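Trainee: I have a protein model open and I would like to learn how to read it. Could we go through it feature by feature?

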Amino acid sequence: MALIRIVRGAPLSATEAWRRVTDWRAHAALVPLTRVGAVSAGPVREGSRFTMRTGIGPVGFDDPMEVVRWEPPGPGGAPVGVCRLEKRGRVVTGWAEIEVRETAPGSVRVTWTEALRLRGMPRVCDPVLAGAGKWVFGRALSALMADN
């Protein structure tokens, strides 16, 4: 599996950073050739599912995911939020974990860790996959945390 770890700081509250990094439609808008497919009804919680579709027209693949851990920063100001996703696709497997940690009032550190496997791709390609993932997801995370 390719292991990807990205860390970004931002002058945001933990609640605002959490809202941004768990906005799946915003993620899709920032990842090339990707859009959101099916999304579970209701608010995001453990057990929620969604699918990212990567490709052009009919050529591409689905990346279905399930939220297996959902611990947002608390309304009382809990300093850490964690979201863990399990990737359950035919092509893409693995997991992703997003942690939002308050480092000072109005400042956060977001850590995105992902273990990614593409079925049929030899493990010798993992470093290339990790590098590409780090670049794509790093750009997405930077944009999500940017002042709009």
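Mentor: Gladly! Let's begin with a pair of strands: β4 (residues 59-71) and β5 (residues 80-88) pair in the antiparallel sense over six bridges. Keep in mind as we go that this is a predicted model.

Trainee: What holds paired strands together in general, and which residue of β5 is the bridge partner of Trp-70?

Mentor: The general idea is that strands of a sheet pair through backbone hydrogen bonds, either parallel or antiparallel. In this structure, Trp-70 has Cys-83 in β5 as its bridge partner.

Trainee: How do I read the whole sheet, and in what order do the seven strands come?

Mentor: Walk across the sheet from one side to the other. You will meet β1-β7-β6-β5-β4-β3-β2, an open sheet with antiparallel pairing. The edge strands are β1 (2-10) and β2 (34-39), and each of them pairs on one side only. On average, neighbouring strands are turned by 20° against each other, direction ignored.

Trainee: Which strands does α1 touch as it packs on the sheet?

Mentor: Helix α1 touches β4, β5, β6 (92-104) and β7 (107-118), and its direction makes about 160° with that of β6. Helix α3 also packs on the sheet, where it touches β1 and β7; its direction makes about 20° with that of β1.

Trainee: Now the inside. How many residues does the largest nonpolar core have?

Mentor: That core has 37 residues, and among those with the most contacts inside it are Trp-24, Leu-85 and Met-145. Helix α3 (residues 126-145) gives the largest share, eight residues. Take Trp-24 as an example: leaving aside residues up to four places away in sequence, its contacts include Val-36, Phe-50, Trp-70, Cys-83 and Leu-85.

Trainee: Is Cys-83 buried or exposed?

Mentor: Compare its relative accessibility with the cut-off: buried means under 20%. Cys-83 is at 0%, so it counts as buried. Cys-125 is at 27%, and therefore counts as partly exposed.

Trainee: While we are on cysteines, how many disulfides are there?

Mentor: The count is zero.

Trainee: Let me try Arg-53. Where does it lie, and what does its side chain reach?

Mentor: Arg-53 is in strand β3 (residues 49-56). It counts as buried because its relative accessibility is 16%. Its side chain reaches the backbone oxygen of Pro-58 at 3.3 Å, and a polar contact of 3.3 Å joins it to the side chain of Asp-62. Beyond four places away in sequence, the residues touched by Arg-53 include Leu-33, Thr-34 and Phe-61.

Conventions
Residues are numbered from 1 along each chain as its sequence is written. This is a predicted model: local features need pLDDT of at least 70, side-chain atom pairs count only at pLDDT 80 or more; totals for chains, interfaces and linings use all residues. Side-chain values use heavy atoms; hydrogens and water are left out. A nonpolar core is a set of buried Ala, Val, Leu, Ile, Met, Phe, Trp, Tyr and Cys residues joined through side-chain atoms within 4.5 Å. Buried means under 20% relative accessible area, exposed over 50%, partly exposed in between (1.4 Å probe, protein chains only). Helices (H or I, at least four residues) and strands (E, at least two) are DSSP runs, numbered from the N terminus. Contact means heavy atoms within 4.5 Å. Two strands pair if DSSP finds at least two bridges between them. Axes are lines fitted to C-alpha atoms, for helices over the stretch in contact, and angles run from 0 to 180 degrees between N-to-C directions. A disulfide is a pair of cysteine sulfur atoms within 2.5 Å. A polar contact is a pair of N or O atoms within 3.5 Å; within protein, one must be able to donate a hydrogen and the other to accept it, and residues adjacent in sequence count only if both atoms are side-chain atoms.
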